[in-house]
Number of protein chains: 2
Amino acid sequence: MSSEKSGILAERPPDHDVFATRRGYNFAMSRQPCDLIVEARWVVPMAPGARLLERAGVAITGTDIAAVATVAALDADYAPARRIVLDSHVLMPGLVNAHGHAAMALLRGVSEDAPLETWLNEHIWPLEARHVSESFVHDGTRLAMAEMIRSGTTCFSDMYFFPETVAAAAREAGLRCQVAFPVIDFANVWSENADAALHRGLRLHDAYRDDARVKVAFGPHAPYSVTREHLEKILMYSEELDANVHIHLHETAAEVAAARTNHGASWIELFERIGLLSPRLQAVHATQLTAAEIDLLARNGVHVVHCPHSNLKLASGICPVGELLAAGVNVALGSDGAASNNSLDLFQEARLASLLAKVTAGDAARLPEIRALEMATLGGARALGLDAVTGSLEAGKSADLVAVDLSAPRFQPVYDPLAQLVHTAAGSAVSHVWVAGRALLVDGALTTIDEQALGERTEYWRARIAPDCNRMARGT
Amino acid sequence: MSSEKSGILAERPPDHDVFATRRGYNFAMSRQPCDLIVEARWVVPMAPGARLLERAGVAITGTDIAAVATVAALDADYAPARRIVLDSHVLMPGLVNAHGHAAMALLRGVSEDAPLETWLNEHIWPLEARHVSESFVHDGTRLAMAEMIRSGTTCFSDMYFFPETVAAAAREAGLRCQVAFPVIDFANVWSENADAALHRGLRLHDAYRDDARVKVAFGPHAPYSVTREHLEKILMYSEELDANVHIHLHETAAEVAAARTNHGASWIELFERIGLLSPRLQAVHATQLTAAEIDLLARNGVHVVHCPHSNLKLASGICPVGELLAAGVNVALGSDGAASNNSLDLFQEARLASLLAKVTAGDAARLPEIRALEMATLGGARALGLDAVTGSLEAGKSADLVAVDLSAPRFQPVYDPLAQLVHTAAGSAVSHVWVAGRALLVDGALTTIDEQALGERTEYWRARIAPDCNRMARGT
């Protein structure tokens, strides 16, 4: 019953001949051809108003979804070239990981039990300065993508050095992504200053202008590490190019307190004055929010990206998701980098988001399963401006979908598959993943990433970085 | 690199002949025979003061651990009849799940997003009254044990109807357990009243008096569902028999407020007056504690069982683990039943316990990994009075150990295996489990539970219970 061993339980031959014989020639003529029908025990479309379907499937033509319906209805309308039957699985839209630093997968576990300031200033930044290169980013991004595909993520947002490398790696692996190129005032491995970063980033944006799967956004690191002048430049360019702005915002109480001391206002209040609050803005973390700030975010259509594991692990705080949703703010989920999580499994973020919303409100009805799953799919797509393309299973959207095998004892029995998806570690039971109709995971095996080669590169980096970790642990 | 597919990477032949030849006859004579050596990339003994070992292993003779040491040291001292080499694995003590209701695995997901009172009174109790039988408990306990073994639990505490059936099922499956027989004032499927429950429970205690793996304890449901008269009887018997008392205590604010209204004191204060606070008492949940109550628990050696997922999901509150540990209270971890979690994976409880301790204290250094793992192993063993037998890898203790395969991308690279065990869903990568030297999971396959037959029984119960769930969801 393990997810690795089951998978495709039966692969039926294309059956339009059978139907043509059984139902007559005219009927067969009316059925449209499609490339693939994926059938499953359950389908969770996540489209607004759509209900859970049983014994249903998705018809795919080219890169897109042609239809989502019961097996009976699909059989009446479509003659698939191929059919995959997943008898113990849920089919659902691929998850959207709206915040991360993929290549930091190579720094998973280097700094444990440390608060944000120590973690960043004394551990992560020095290690990055010593080790991060184009090659590090290539290998680290592939490691992260292997993990994300295996746990059902089909679209991720990334903010890291060498964004050109991230974009190329994502294209090659077949994942959908938003690459937010990093803008930081001080010199780093990728850019000598913020102007240089903007220059390189704008070139990257231009290179991917017409790409179907890679979207380039502005990634100012945080308001405390980018000058107001550069934030204003970013605002101007983002309006001109209709590009998103992705930023760490109100992550810790100390950060907000410093803004109040130095500027007499919080960062969100200052952003309003600058004009940065808009539906193009993705505010990541937002653990520290007043009622007035929630109102500002809501009125300006800002998206919030909630990263619960990272916020708890670094003791930053808890994003008030219940209040944000009540105010009408769209909330997405992010894993953050593996160095502060230490997992990139977005199902786990959905679970923790749901649990935290309940306990902080003292109300078990808060953030019910369907809303937690919506944050992990459609909410993420909305935040990245991709909800016309992905985030739900709907005819006309891209065929970005995943199958989760619920046959293992830990998922049984299934009364309500949504409960299993949110509360029982579904990420480790993902068996199949498609992005734009292309299979990236088939019966538990990656198709676009060679895990053997990946393992060798990971070991190469581990051996280089481990001595520095030991030195840090000794405090020398 | 998947955990299901790797596993035993190489099985070396017994090598004492090689050594006898190479090092001479006298040396070979000095090596003691043992049944099995399990070698792994890392060994985490969890014994007080013991450090992480690399390229190390455990020598097993009969039901017990003969030695824990590096491979070189074991080779010098032992001539094993068999050897298992796990090159990408961590070997650690089996986890101790100190609170649960195993058979409720059959009710996984029946009542979602409901607060404790509704969940219990309107959903769970009516369903139990209708469906729970000896056969339900047998099948449900086996389903739970399959999940617990697969996620690395070797010892569990159970509190449920038909405890005789639980004890027999655990013996058969080879798990170690504490069976806390339920005492509740009102009539239920197992006992017509508290006296009848005590009578049957004492008989059960007698039957397992000399059992090496099953220990019987008193399981008064909660202070609000058992009279003072019966709590006093339980206290008397527990002292006479030196048996543990396992009880839900201070789970919700409403429960404590009611005690104050009706009795002028909290349950913990009342327990002190009765004399129930002692090292035999296992206080489960304890989300509502004053500083004075923490002091009472500490001074009387009471053990607390923290069930973070269940407490968050039912919006009960957060157990103040940091304060309890600082006061010297032993804290164990429990999954609670699958109907309020919905998982029985104790690694997930360790992760959430660590994260909650950090964020509630605003200090990322709180409950570091080693302490979270200690709660999941030795802390649990201490709570159940089994720390002389299990909970750490030490010579003379029972051979209760598990191997976790860290080869999958989501665990890579490994700088600090403890970080992987706590923060990266290690429960789904458990490959091998031994209890008292007997293998219960070998390379991802259960040896004592037939999963095919289990699946059929689970489907039988699902089909019977599902119509009632639908009725509840419709509110009819």
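Helix α9 (residues 253-263) and helix α10 (residues 267-274), both of chain B, pack at an angle of about 55°, and their axes are 9 Å apart. Axes are lines fitted to C-alpha atoms, for helices over the stretch in contact, and angles run from 0 to 180 degrees between N-to-C directions. The pairing of α9(B) with α10(B) is therefore oblique; angles under 35 degrees count as roughly parallel, over 145 as roughly antiparallel, 65 to 115 as roughly perpendicular and the rest as oblique.

This is a predicted model: local features need pLDDT of at least 70, side-chain atom pairs count only at pLDDT 80 or more, and totals for chains, interfaces and linings use all residues. Residues are numbered from 1 along each chain as its sequence is written, chains are lettered from A in the order in which they are written, and side-chain values use heavy atoms, without hydrogens and water.

**Helix contact in chain B**
- α9(B) contributes B:Glu255, B:Ala259, B:Arg260 and B:His263, and α10(B) contributes B:Trp267, B:Glu269 and B:Leu270. Contact means heavy atoms within 4.5 Å.
- These contact residues divide into 3 nonpolar, 1 polar and 3 charged. Ala, Val, Leu, Ile, Met, Phe, Trp, Tyr, Cys and Pro count as nonpolar, Asp, Glu, Lys and Arg as charged, and the others, Gly among them, as polar.

**Nonpolar cores**
- The largest nonpolar core has 124 residues, and B:Phe136 and B:Leu421 touch the most other members. Such a core is a set of buried Ala, Val, Leu, Ile, Met, Phe, Trp, Tyr and Cys residues joined through side-chain atoms within 4.5 Å.
- Helix α5 (residues 134-150) of chain B supplies the largest share of this core, 8 residues.
- Domain 1 (14-93 + 398-443) and domain 2 (95-383) of chain B each give this core at least three residues.
- A second, separate core of 123 residues includes A:Ala102, A:Leu289, A:Leu314 and A:Ala376.

**B:Ala426**
- B:Ala426 sits in the loop between α16 (417-423) and β14 (430-435) of chain B.
- B:Ala426 counts as buried because its relative accessibility is 0%. Buried means under 20% relative accessible area, exposed over 50%, partly exposed in between (1.4 Å probe, protein chains only).
- B:Val404 is 22 residues from B:Ala426 in sequence and 6.7 Å from it in space, C-alpha to C-alpha.
- Neighbours within four places in sequence aside, B:Ala426 is in contact with residues including B:Phe347, B:Val404 and B:Leu421.

**Domains of chain A**
- Chain A is assigned domain 1 (14-93 + 398-443) and domain 2 (95-383). The bounds come from an automatic or database domain assignment.
- The C-alpha centres of these two domains of chain A lie 32 Å apart.
- Their contact takes 26 residues from domain 1 and 26 residues from domain 2 of chain A.

Technical notes:
Helix = DSSP H or I, 4+ residues; strand = E, 2+ residues; numbered from the N terminus.
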